[in-house]
Amino acid sequence: MSELEAIVAAEVRTKMSAGVLLADAYFSVGYCARLDWDYPKAIYALSKAIAIHPENGLYLQALGIAYADSNENGKAVECFRACLSLECRGLTVELEEENPYFHMGWCLEDLGRLDEAEQVYREGLKNVPSHYQGFLRLGQLLQCRLKFDEAVAVYESGIGSCEMHNPKALGRIVMRDIRHNLDRARRELGYETYAPTPEEKRLDVELMSEGIR
């Protein structure tokens, strides 16, 4: 047994002594290791959890993020793809942390597979239209590819989604970023810049009152 395996085994035993099941204990050790930037430990522990429950979407998602954080984007994509094949079982995909479309698209971008990234972002927004980061990432990708008309359409759809779903503070911050990017894309096309609605102005005032810039 290697030093890493021994450390993980000891931590797993400690968690199990508190009543945590084996797979969940491995997941907990791996998840905490990723937060501490200890990616080899995270990948090992999360892989052990998946070996016990290979159809657990939450475990696969966490392993994918650990691979992505350690710049192993190819392996990360495989994990996110497996998670999607399970229909994101066990995940709250509206949250950025638990949205495999978002993470998979980002990894594909890093791999230079831009057509695939664009397709994944679009699929994600079709399935989770309240995921504001998805609108922002897709729009930015389209702008980088000089597809300004398409970027404008994506940003405007994101603003419309925001009006429908009434996001909390984090979502509103993202929507502000979407509006700024929309202005840039419209300027590239020679259009007038976007004029915020009274509701959007009110949200900006609320953000400022909450100390969010």
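**Figure 1. Overview of the predicted chain.** Of the 213 residues in the chain, 46% count as buried. The model is predicted. The chain holds 11 helices and zero strands. From the N terminus on, the order of elements reads α-α-α-α-α-α-α-α-α-α-α. Among contacts with a separation of 6 or more, 53% join residues 24 or more positions apart.

**Figure 2. Helix α4, residues 57-69.** The helix has 13 residues, so at 1.5 Å a residue it should span 18 Å. Of the 13 residues of α4, 10 are buried, so the helix is largely enclosed by the rest of the structure. Buried here means under 20% relative accessible area. The buried set is G57, Y59, L60, Q61, A62, L63, G64, I65, A66 and Y67. These buried residues pack against four helices: α2 (22-35), α3 (39-52), α5 (73-85) and α6.

**Figure 3. The two ends of α4.** At the start of the helix, N56 makes a polar contact through its side chain. A side-chain oxygen of N56 comes to within 3.0 Å of the backbone nitrogen of L58. After the helix comes N71. The phi of N71 is positive, near 65 degrees.

**Figure 4. N73 and its surroundings.** N73 is part of helix α5. Is N73 buried or exposed? Its relative accessible area is 11%, so N73 is buried. Leaving aside residues up to four places away in sequence, N73 touches Y67, A68, C107, D110 and L111. One of these, Y67, is also among the buried residues of α4.

**Figure 5. The largest cavity.** Two cavities of 30 Å³ or more are counted in the model. The largest has a volume of about 40 Å³. Which residues line the largest cavity? The lining consists of N99, Y101, F102, V120, Y121, G124, L125, H131 and G134. Helices α6 (100-110) and α7 (114-127) each supply at least two of the lining residues. Helix α7 gives the most, with four residues. By class, the lining has five nonpolar and four polar residues. No charged residue takes part in the lining.

Definitions and conventions:
Residues are numbered from 1 along each chain as its sequence is written. This is a predicted model: local features need pLDDT of at least 70, side-chain atom pairs count only at pLDDT 80 or more; totals for chains, interfaces and linings use all residues. Side-chain values use heavy atoms; hydrogens and water are left out. On a 1 Å grid over the protein atoms alone, a cavity is a set of points where a 1.4 Å probe fits but cannot get out, and a pocket is an open set with protein on both sides within 12 Å along at least five of seven lines; lining residues have an atom within 4 Å of a point. Grid points are joined across faces, edges and corners, and a volume is the space filled by probe spheres set on the points. Ala, Val, Leu, Ile, Met, Phe, Trp, Tyr, Cys and Pro count as nonpolar, Asp, Glu, Lys and Arg as charged, and the others, Gly among them, as polar. The expected span of a helix is 1.5 Å times one less than its number of residues. Buried means under 20% relative accessible area, exposed over 50%, partly exposed in between (1.4 Å probe, protein chains only). Contact means heavy atoms within 4.5 Å. A polar contact is a pair of N or O atoms within 3.5 Å; within protein, one must be able to donate a hydrogen and the other to accept it, and residues adjacent in sequence count only if both atoms are side-chain atoms.
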